[in-house]
Amino acid sequence: MDAGGTTTRALVTTLRGERLGEAWAGGANPNTHGPEQAGEQLTEAIGTALDRAGPGAREAVAASVVGLAGYSALRDGNVRARLERALGKAGLVPTGREFTGDDVVAFASGTPERSGTVLIAGTGAIATRIEDRRRGRSADGMGWLIGDEGSAFWIGHQAARETVRQLSRGGELSPLARTVAKQVIPGQRPSGADQWPEEHARDFARALTEAPPIGLAELAPLVTDAYEAGDEAAAVIVNAAAGHLAQSVHQVRVPGEPLPVVLSGGVLTRSAPVRGALTHKLTMGTGAPVILAGCTCGGAAWLAALGAGAEDRDPGLHEAFTRPERVVVPT
């Protein structure tokens with residue numbers, strides 16, 4: 001299972017990586033959604049995936065791994081107990097069950113190596129040092145209010161700030177500000193003798209304030225589009241995001257070390273400009289490989305297979321679990 005803040009994905013495989021059942025549910029980060037809702041999403045995703053794997057799937061499970069966003073919440077015994085009950089309700093027996101961080105399964109999806117660094121930049125952002133497939137030191141991951149620099153939220157926030165500046169000035173908007181304003185306040189234009197540009201900007205700010213703050217992350221793809229259209233402000237945001245993300249990686253690595261860096265999360269998988277700028281910053285002066293994550297849920301399944309006795313030095317086996325692939329659902 002890869003249980004993120006937005007989506008939870010469960011995957012059932014054989015010990016050779018053949019995909020038998022797969023399902024999605026809503027986010028299951030207990031810090032964001034609370035343990036009750038997180039547990040419900042885990043139960044839904046896992047139970048449906050096991051159903052799709054066919055008769056006898058629950059009895060045949062040898063091991064399971066849950067890569068959980070908000071893993072630190074499990075330090076609270078009540079939270080852990082609630083999520084353990086969710087796994088049991090879905091039909092998983094206690095033997096062979098393991099919770100770990102979503103950063104651990106993201107790293108495992110990109111490389112079979114035991115140690116290195118993983119950077120996740122999705123709605124939030126965190127860099128984690130992986131040591132012997134366990135979480136070591138981490139940087140950022142402090143949430144949208146005071147951290148997550150370079151994340152989709154951070155990028156969207158910068159785009160909104162740039163848009164409100166341009167709206168306040170009046171005149172022609174740049175490609176970035178035009179598309180952001182159209183998404184936030186579609187169809188609204190300043191009109192009338194008393195409609196000053198700053199009032200139009202306040203309408204924009206009011207619309208954002210009335211919506212959930214984390215919704216700013218939805219503006220991040222517009223920055224990529226504007227960058228590709230040559231928007232100068234978008235280029236500044238992209239480079240700044242890459243700089244913040246690179247700084248988080250450098251905080252948890254030994255300078256010059258050759259261990260791999262795995263990039264994961266929607267910002268890094270979908271935004272070629274951010275990924276390119278970041279890769280350039282990470283590879284300056286070092287030969288460390290920078291790898292794009294594979295199927296993160298497959299990474300969790302691969303770790304579970306290792307727990308059930310699979311060989312961790314077989315690169316073909318790792319690829320079987322982690323390559324993107326359509327699931328085979330028994331009929």
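I began with the lining of the second largest pocket: 24 nonpolar residues, five polar and no charged. (My classes: Ala, Val, Leu, Ile, Met, Phe, Trp, Tyr, Cys and Pro are nonpolar; Asp, Glu, Lys and Arg are charged; the others, Gly among them, are polar.)

The model is predicted, so I note that local features need pLDDT of at least 70, side-chain atom pairs count only at pLDDT 80 or more, and totals for chains, interfaces and linings use all residues. Residues are numbered from 1 along each chain as its sequence is written, and side-chain values use heavy atoms, with hydrogens and water left out.

**Second largest pocket**

I read its volume as about 430 Å³. The lining has 29 residues, and Val12, Thr13, Val61, Ala62 and Ala63 lie nearest the centre. (On a 1 Å grid over the protein atoms alone, a pocket is an open set with protein on both sides within 12 Å along at least five of seven lines; a cavity is a set of points where a 1.4 Å probe fits but cannot get out; lining residues have an atom within 4 Å of a point.) Which elements each supply at least two lining residues? I found strand E2 (7-13), helix H2 (35-53), helix H3 (57-60), strand E4 (64-68) and H13. (Helices, H or I with at least four residues, and strands, E with at least two, are DSSP runs numbered from the N terminus.)

**Cavity**

I searched the whole structure and got one cavity of 30 Å³ or more. The largest cavity has a volume of about 40 Å³. Val104, Phe107, Ala108, Thr111, Glu113, Ile130, Arg133, Trp302 and Leu303 line it. Helix H5 (102-110) and helix H13 (296-307) are the elements giving two or more residues to that lining. H5 has the largest share, three residues. By class I get six nonpolar, one polar and two charged.

**H2 and H4**

Next I took H2 with helix H4 (residues 77-90). Their axes, lines fitted to C-alpha atoms over the stretch in contact, come within 8 Å and cross at roughly 25°. That makes H2 roughly parallel to H4 (under 35 degrees). Among the H2 residues in the contact (heavy atoms within 4.5 Å) are Leu42, Ile46 and Leu50, and H4 brings residues including Val79, Leu83 and Leu87. This contact counts 10 nonpolar, three polar and four charged residues.

**H6 and H8**

Helix H6 (residues 152-169) and helix H8 (residues 197-210) have axes within 6 Å, crossing at roughly 155°. I therefore log H6 as roughly antiparallel to H8 (over 145 degrees). Ala160, Thr163, Val164, Leu167, Ser168 and Arg169 of H6 meet Pro197, Glu198, His200, Ala201, Phe204 and Leu208 of H8. The contact of H6 with H8 has seven nonpolar, three polar and two charged residues.

Methods
Axes are lines fitted to C-alpha atoms, for helices over the stretch in contact, and angles run from 0 to 180 degrees between N-to-C directions. Angles under 35 degrees count as roughly parallel, over 145 as roughly antiparallel, 65 to 115 as roughly perpendicular and the rest as oblique. Grid points are joined across faces, edges and corners, and a volume is the space filled by probe spheres set on the points.
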